[in-house]
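Here is a walk through this model, one piece at a time.

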Amino acid sequence: MSTTVTTSAKRLNYLNVDHGMKSWLLTKDHKRIAILYLISLSFFFLIGGLMAVFIRIELATPAGDLVEPDTYNRLFTMHGVLMIFLFLIPGVPAVLGNFLIPIMIGAKDLAFPKLNLASWYVFNAGGLFMIWAMLHGGVDTGWTFYTPYSTAFTDTHVIATALGAFIAGFASIMTGLNFIVTIHRMRAPGLTWFRLPLFVWAHYATALIQVLGTPVVAITILLVAAERLLGIGIFDPALGGDPVLFQHLFWFYSHPAVYIMILPAMGVISELITAFARKRIFGYKFVAFSSVAIAVLGFLVWGHHMFVSSQSVYAGILFSVLSMLVAVPSAVKTFNWTATLYQGSISWQTPMIYALGFLGLFVIGGLTGTMLATLGIDIHVHDTYFVVAHFHYIMVGGAIMAYLGGLHFWWPKMTGRMYPVFWSKISAGLVFFGFNLTFFPQFILGYLGMPRRYHAYPEEFQVLNVLSSAGATILGLGYLIPIIYFIWSMRYGERAPANPWGAYGLEWEIPSPPTTYNFEETPVVTREAYDYTGIEEKSVA
Amino acid sequence: MPDPSSGHAFGLAHQFDDYEQQREASYLGVWVFLVTEILFFGGLFTAYIVYRSQFPFAFAMGSHELDITLGSINTAVLIGSSLTMAMAVWATQTGRRRSIVAYILATILLGGVFLGIKVVEYTAKFEHHLFPGPNFHWQGSDPAHVEMFFNLYFAMTGLHALHMVIGIGILLVIAVLAWRGSFSPQNHNLVEGIGLYWHFVDIVWIFLFPLLYLLGRNIQS
Amino acid sequence: MWKNFPLFPDRATEFAGQVDALYFTFLGISAFFSALIAFLVVYFAIRYRRRADDEVGRPEKAGLWLELTWSVIPLIILLGMFTWGAKVYIAAYRAPAYAVEYFVTAKQWMWKFQHPEGQREINHFHVPLGQSTRLTMTSEDVIHSFFVPAFRVKADVLPGRYTSVWFKAEKTGTFQLFCAEYCGAEHSLMTGTITVMEPAEYEAWLADVKKGPSVVASGKELFQAKACNTCHRPDTAAQAPILHGLYGEEVELGTGEIVMVDANYIRDSLLNPTAKLVKGYKPLMPTYQGQLSEEEILQLISYIKSLGDEPDEEDKPQQETTPEFQSEER
């Protein structure tokens with residue numbers, strides 16, 4: 001299981017095989033590209049997080065006294081735009097997916113390594129447009145860009161930001177295309193679909209969404225830019241257009257987009273739970289098919305963002321019932337993960353703390369989602385903090401916790417180093433506690449009626465807002481600490497063996513860090529996924 | 001690395017186990033890309049369907065302004081270019097180096113004719129104040145929705161033309177490579193790939209033509 | 001800060017009670033399942049804590065019945081909540097036919113209310129207790145959203161068309177009004193109040209407030225001032241439709257399409273007359289784009305709505321709307 005690693009420091013691996021900027025900036029190695037993405041994503045995350053800090057400081061008092069209303073509007077818009085387009089959507093796939101998928105399927109690299117590198121450049125180009133827009137005053141439309149405000153009324157840098165999203169969207173399409181072809185065509189001998197790690201299934205389902213959904217928002221963005229630039233009226237009612245058509249086209253992508261953000265995270269959770277319970281996943285096929293079901297059904301529910309938008313009552317009814325259907329596969333996965341814990345051998349390592357935290361928080365986020373899908377409730381809570389709380393429970397309590405859990409799990413593999421365990425547990429605790437304190441009060445605020453995107457509010461909402469801002473402080477601390485110790489570990493961390501966790505998987509059979517081509521020779525797979533009974537001596541739980 | 005002696009222009013990329021895997025991966029990649037293109041155009045087709053069903057009269061009037069003769073010629077030209085493209089792929093599969101170049105050049109030529117006719121059409125629209133924006137002017141009824149027709153006409157045909165320009169650019173590169181003997185019956189993924197792309201662009205036009213040009217056939221001037 | 005710390009909003013209509021019942025039931029179900037999962041996770045994590053470094057878990061056979069059970073039971077619960085929610089939703093958007101109609105025009109960043117009797121208010125709206133009140137709303141610029149938490153009602157207010165909400169206040173008091181769709185710089189300041197008064201008080205208040213002519217009377221005046229009556233009259237019926245009794249009827253357009261003559265149709269006909277031309281009529285009507293404010297359009301619509309079936313009937317301005325169903329304007 002663990003190999004002695006006295007010589008690993010001198011051993012050639014993908015990190016030290018080549019030096020210099022050029023070897024990184026022109027690399028074709030999927031592992032190096034994953035690290036490049038890690039750096040870019042962390043950068044955009046920090047800026048988006050900074051926006052959130054200002055938002056929460058402003059909201060600690062009822063009056064809008066920290067910044068001008070106009071400034072506040074730009075802050076929350078950039079927070080959403082950066083976090084969604086430049087962090088969450090690339091997120092797990094660009095970092096963990098890129099690093100692990102070839103290894104997990106026994107391949108030397110992705111199907112199109114140059115396309116992979118190109119996607120990183122395209123992504124950064126998109127990010128650059130958005131940063132440029134931000135430095136020149138930003139945008140104040142909200143990340144949803146509703147017309148006609150975004151096309152005919154605001155004088156902020158809508159086109160630059162929208163083009164940034166357009167360009168970054170291409171990076172997403174390229175990644176998705178790469179993953180689909182790779183998973184179909186490059187699996188090692190013996191690795192049938194039903195022997196794949198669920199992480200791979202999750203990324204496959206995600207890739208389907210990336211490839212099918214992103215082009216629709218791309219063309220929508222172009223139409224918005226054209227409308228602004230040429231003064232034509234595709235979505236502007238004053239010129240004969242229909243603003244609700246914009247909403248349909250926008251949400252047709254942006255709802256599946258949220259599944260782009262959560263499905264890979266769910267894939268990570270499947271890996272963490274099996275590794276730290278040392279047990280096969282309960283109901284493998286159900287979890288695998290649920291991923292695909294979520295991807296498919298996710299395309300049918302976009303209208304649940306528009307229940308009060310003047311779409312017909314019948315459309316509302318249809319979208320509501322479909323939204324209930326899409327919740328079922330997520331429920332199935334949650335029950336299967338929980339059942340995997342039963343009679344497992346559970347270790348309380350940091351990645352598992354994140355995974356267990358995910359389970360609780362994702363359930364709350366998901367159930368409040370079904371509450372929002374309930375028409376009678378949504379009338380009241382649409383566009384209030386109830387919605388804000390719901391999506392942060394999924395995206396932060398869910399996706400980001402899974403991302404952090406995955407980073408902690410695979411960090412030794414990616415870097416050959418361990419992080420300080422004590423501090424990792426402290427920050428996991430801070431993240432969990434800080435997150436709940438930040439966002440749980442927002443459910444209450446939402447039902448009370450506090451609308452979204454408000455920088456001043458009635459006094460009776462203050463106590464809950466102060467609790468939320470206090471939680472945000474703790475959460476922020478919980479995010480900063482890992483940044484510090486991860487960087488510290490690159491130099492001073494204990495060197496990691498090939499399999500520090502005693503986990504099962506192709507990635508744990510190669511050295512930490514791996515060599516450039518991953519495997520000495522192509523593995524032949526004969527065992528099922530998560531086959532923990534096959535390894536070593538087993539004292540059964 | 002290129003290995004002309006074995007007829008393999010581009011060699012086997014390091015991530016693949018064998019040529020068959022490389023070829024199958026290329027094809028699947030091109031097909032997935034074409035699916036994204038369908039969705040990309042799909043947004044515009046959706047907007048067209050929505051507005052046309054709401055304002056059929058205005059759309060018919062707008063369509064009536066388009067030149068059906070030129071549109072029909074363009075349709076024939078594009079179908080012809082798909083034929084020459086298919087012949088180019090066949091020539092690659094059967095190792096006819098000169099023919100590959102000839103057919104690709106024919107495809108480029110026909111594509112150029114298409115774009116030339118489009119330039120003629122667009123110019124006429126500008127002159128008749130039918131380009132959307134501040135210079136748009138419509139004498140008849142419901143100008144706002146006639147302009148909507150032209151918004152979509154220019155957006156859809158413009159996006160299509162852009163795809164043709166990119167396609168022609170790639171074809172020029174392929175023509176040069178073909179002249180240099182880079183393709184063989186064993187290695188012609190690139191030609192097949194661009195062939196698929198070209199056929200796709202053709203099919204988009206086959207949908208655009210009736211929706212945009214034939215709508216206004218029955219309107220009396 | 002600690003003095004006024006509500007955890008739950010005021011409930012000022014019976015409908016609010018319906019929404020709350022739905023919400024708290026679903027909340028209870030969610031709390032139950034959240035607690036269940038949380039408990040199981042923590043319990044399993046402790047009970048099956050790893051005791052030796054090389055220990056592995058004991059896998060069991062996947063149970064198809066278990067999978068089906070925990071798929072079907074949540075589905076049934078969700079469909080139940082959906083059904084209940086849909087009923088509440090339909091009730092929210094189907095105003096009773098006898099509801100009194102008021103007009104709301106939203107613009108950056110204020111709310112303009114118009115009473116049928118002619119009173120106008122800005123941001124602070126007065127209504128009588130126990131009256132079914134329907135608001136027909138439009139925006140002069142961008143999308144806004146009319147939201148009264150205490151009534152549990154919300155509807156987006158769009159430029160270029162009409163949307164509506166209705167409510168029946170059953171508690172006196174002053175309740176918060178918010179704009180709930182981001183609309184630009186002062187979105188958070190686009191707030192107001194709805195004051196619900198006892199009917200007698202309301203009448204007194206109405207009499208006190210300076211008012212202009214009633215909405216229908218204003219509409220009638222406009223109908224003459226803008227020369228609508230030069231074409232829309234009996235002797236020119238071949239060129240322009242008679243408007244009496246037309247509201248709420250279905251007409252066939254030149255394209256063969258059948259449309260309902262409702263507020264949206266009249267508005268479209270005023271601003272873009274040739275777009276939805278009734279069959280048999282030539283495109284002669286000029287457009288009034290730029291010549292009518294949103295309020296004036298609403299007044300004209302009210303007047304047309306009030307026209308009886310015969311052209312030579314005395315055109316009394318009516319405050320009761322004709323008993324057509326009013327839900328088609330969504």
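In chain B, contacts between residues 24 or more positions apart account for 77% of those with a separation of 6 or more. Bear in mind that this is a predicted model.

Now look at where chain B touches chain C. Eight residues of chain B and six residues of chain C take part in this contact. On the chain B side, helix 2 (56–64) and helix 5 (143–179) are the elements that give two or more residues. Helix 2 of chain B has the largest share, with three residues. Sorted by class, the chain B side comes to five nonpolar, two polar and one charged residues.

Next comes the contact between chain C and chain A. How many residues does each chain bring to it? Chain C puts in 77 residues and chain A puts in 83 residues. Several elements of chain C supply at least two residues each: helix 1 (14–47), helix 2 (64–93), strand 6 (144–148), strand 7 (153–157) and strand 9 (173–179). The largest share of that side, 17 residues, belongs to helix 2 of chain C.

In chain C, five strands form an open sheet in the order 4-10-9-6-7, with mixed pairing. Which strands stand at its edges? Strand 4 (124–128) and strand 7 of chain C do; each has a single partner strand, so one side of each is left without a neighbour in the sheet. On average, neighbouring strands here are turned by 20° against each other, direction ignored.

Strand 9 of chain C and strand 10 (residues 192–197) of chain C run antiparallel and are joined by five bridges. If you want a place to start looking, find Gln176(C), whose bridge partner in strand 10 of chain C is Thr193(C). Helix 3 (residues 199–208) of chain C lies across strand 4 and strand 10 of chain C, and runs at about 130° to strand 4 of chain C.

Chain C has another antiparallel pair to look at: strand 5 (residues 132–139) and strand 8 of chain C, joined by six bridges. There, Thr133(C) has Phe167(C) in strand 8 of chain C as its bridge partner. Is strand 8 (residues 163–168) of chain C mostly covered or mostly open? Mostly covered, with five of its six residues buried.

Over to chain A and its helix packing. The axes of helix 3 (residues 69–88) and helix 5 (residues 113–135) of chain A come within 11 Å and cross at roughly 170°. That angle makes helix 3 of chain A roughly antiparallel to helix 5 of chain A. Met78(A), Val81(A), Leu82(A) and Leu86(A) in helix 3 of chain A meet Gly127(A), Met130(A) and Met134(A) in helix 5 of chain A. By class, this contact has six nonpolar, one polar and no charged residues.

A second pair in chain A is helix 12 (residues 350–373) and helix 15 (residues 421–448), whose axes come within 9 Å and cross at roughly 10°. These two helices of chain A are therefore roughly parallel to each other. Among the residues making the contact are Tyr354(A) and Gly357(A) of helix 12 of chain A, along with Ala428(A) and Phe432(A) of helix 15 of chain A. The class count for this contact is six nonpolar, four polar and one charged residues.

Finally, the largest nonpolar core. Of its 332 residues, Ile269(A), Ala355(A), Ala399(A) and Leu152(B) touch the most other members. Helix 9 (residues 243–277) of chain A brings the largest share, 21 residues. Leaving aside residues up to four places away in sequence, Ala399(A) touches Leu88(A), Gly91(A), Met261(A), Ile262(A), Ala265(A) and Ile394(A).

Conventions. Residues are numbered from 1 along each chain as its sequence is written. Chains are lettered from A and ligands numbered from 1 in the order in which they are written. This is a predicted model: local features need pLDDT of at least 70, side-chain atom pairs count only at pLDDT 80 or more; totals for chains, interfaces and linings use all residues. Two residues are in contact if their C-beta atoms, placed from the backbone, lie within 7 Å. Helices (H or I, at least four residues) and strands (E, at least two) are DSSP runs, numbered from the N terminus. Ala, Val, Leu, Ile, Met, Phe, Trp, Tyr, Cys and Pro count as nonpolar, Asp, Glu, Lys and Arg as charged, and the others, Gly among them, as polar. Axes are lines fitted to C-alpha atoms, for helices over the stretch in contact, and angles run from 0 to 180 degrees between N-to-C directions. Angles under 35 degrees count as roughly parallel, over 145 as roughly antiparallel, 65 to 115 as roughly perpendicular and the rest as oblique. A residue is buried if 20 or more other C-beta atoms lie within 10 Å of its own, exposed if 12 or fewer, and partly exposed in between; C-beta atoms are placed from the backbone. Two strands pair if DSSP finds at least two bridges between them. A nonpolar core is a set of buried Ala, Val, Leu, Ile, Met, Phe, Trp, Tyr and Cys residues joined through C-beta atoms within 7 Å.
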